[in-house]
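Take it topic by topic and follow along in the viewer.

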Amino acid sequence: MPQSRAIVPLAGVADLTESFDLFLLDLWGTIHDGVSLLPHSSAVLHGLKRAGKQVILLSNAPRRAATVEAQLARMGLARTAYDHVVTSGEDLWLSLRERPDDFYAGLGNRAYFLGPERDLAMADGLAITLTDDPAAADFLMGIGLLEPLDTVEAHAEVLQAGVAAGIPLLCANPDIEVTVGGRHMLCNGALAARYAALGGAVRYHGKPTAAIYQRCRSLVRPVAEGRIIALGDGLGTDIAGANGARLASVLISSGLPARALGLAPGEVPQAGQLDRLCRAAGAWPDYVMADLIWQAS
């Protein structure tokens with residue numbers, strides 16, 4: 001676990017361009033709020049590209065990367081603003097298609113789909129069969145909860161059946177919670193946490209796993225050690241993942257931290273508040289900024 005450290009307030013992302021060459025930016029809570037682009041996010045991304053930086057949008061979205069790219073286009077984000085989108089959903093999909101290790105090679109092909117119908121496309125192109133009976137499945141394909149008001153308890157019977165059958169849950173989104181247009185909702189990580197608490201095995205994809213950072217690096221030109229930085233609002237995902245991968249990081253406090261601390265819009269946490277939050281999460285950013293902006297006005 002990283003030790004407590006001094007966290008530097010950051011005036012704008014422009015201040016990082018002399019020190020870093022590859023920028024990994026979270027989407028939800030950093031670039032958009034689930035409905036619309038956040039006010040300065042497009043300007044930040046275009047600023048990085050003008051500065052010659054490589055930019056990857058790294059998301060725990062439980063969907064294919066192309067689906068997320070299309071969503072960003074609908075929000076008005078130009079494709080020239082970034083180099084790649086990498087999602088936890090794409091990482092899971094590729095693992096099910098390629099069976100890259102012993103775990104996946106021996107997994108089987110019968111899946112119980114744990115997610116909303118709109119995300120059934122996650123099974124397209126895969127040699128798997130969906131079943132309505134978790135006890136007859138080889139694994140639970142954990143995509144997400146069904147709607148904003150859905151609860152973990154509503155899925156207790158399925159989770160218990162999976163644990164009893166001794167099958168793993170594949171988690172396409174390790175996030176516990178997210179804010180959608182100002183409305184709080186749970187994510188698949190909450191189901192995965194309950195499954196693990198019941199004694200079930202969970203295979204996570206996305207942040208903070210090491211594999212997702214390896215995938216990012218495989219997509220871009222080689223970058224020297226110490227020249228990669230990750231930005232996001234999730235201490236347990238964005239910042240913990242960066243810590244584990246030995247990357248520098250920036251915490252965007254207007255996302256999940258603002259909700260946890262009751263911060264006003266644009267307010268940066270006080271040092272004591274941030275220290276307590278980081279200690280609880282076991283994750284420490286190098287920098288903190290209230291909102292993602294290019295440079296202070």
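M141 stands opposite L170 in β8, and F113 stands opposite M141 in β7. This is a predicted model, in which local features need pLDDT of at least 70 and side-chain atom pairs count only at pLDDT 80 or more, while totals for chains, interfaces and linings use all residues. Residues are numbered from 1 along each chain as its sequence is written, and side-chain values use heavy atoms, with hydrogens and water left out.

**Strands around β7**

- Helices (H or I, at least four residues) and strands (E, at least two) are DSSP runs, numbered from the N terminus.
- Strands β5 and β7 pair in the parallel sense over four bridges; two strands pair if DSSP finds at least two bridges between them.
- β7 and β8 also run parallel, joined by three bridges.
- F139 and M141 point one way from β7, L140 and G142 point the other way, and all are buried. Buried means under 20% relative accessible area, exposed means over 50%, and partly exposed lies in between (1.4 Å probe, protein chains only).

**Helix α5**

- In helix α5 (residues 156–165), the buried residues are V158, L159 and G162.
- These residues cover an arc of only 100° around the axis, so they sit on the same side of α5; the arc is that of the directions from the helix axis to the C-beta atoms.
- An α-helix has 3.6 residues a turn, so residues three or four places apart point the same way.
- The buried residues of α5 pack against β5 (110–114), β7 (139–142), β8 (169–171) and α6 (188–197). Contact means heavy atoms within 4.5 Å.
- Exposed residues E157 and A164 are carried on the face of α5 turned away from its buried side.
- After α5 comes G166, with a positive phi near 70°.

**The seven-stranded sheet**

- An open sheet is formed by seven strands in the order β1-β14-β13-β12-β2-β3-β4, with parallel pairing.
- Its edge strands are β1 (8–9) and β4 (84–87), each of which pairs on one side only.
- β1 pairs with strand β14 (residues 287–289) in the parallel sense over two bridges, and the bridge partner of V8 in β14 is Y287.
- Helix α2 (residues 65–75) lies across β3 (54–59) and β4, running at about 125° to β4. Axes are lines fitted to C-alpha atoms, for helices over the stretch in contact, and angles run from 0 to 180 degrees between N-to-C directions.

**Helix α3**

- Helix α3 (residues 88–98) is largely enclosed by the rest of the structure, because nine of its eleven residues are buried.
- Among the buried residues of α3 are E90, D91, W93 and L94.
- R99 follows α3 and has a positive phi, near 45°.

**T237 and the cysteines**

- T237 is found in helix α8 (residues 235–244) and is buried, with a relative accessible area of 11%.
- Not counting residues up to four places away in sequence, T237 touches N60, D175, K207, P208 and Y213.
- How many disulfides does the structure hold? There are zero disulfides, a disulfide being a pair of cysteine sulfur atoms within 2.5 Å.
- C171 is in no disulfide, and the nearest cysteine sulfur, that of C187, is 9.3 Å away.
- C171 is buried, with a relative accessible area of 0%, and C278 also counts as buried at 0% relative accessibility.
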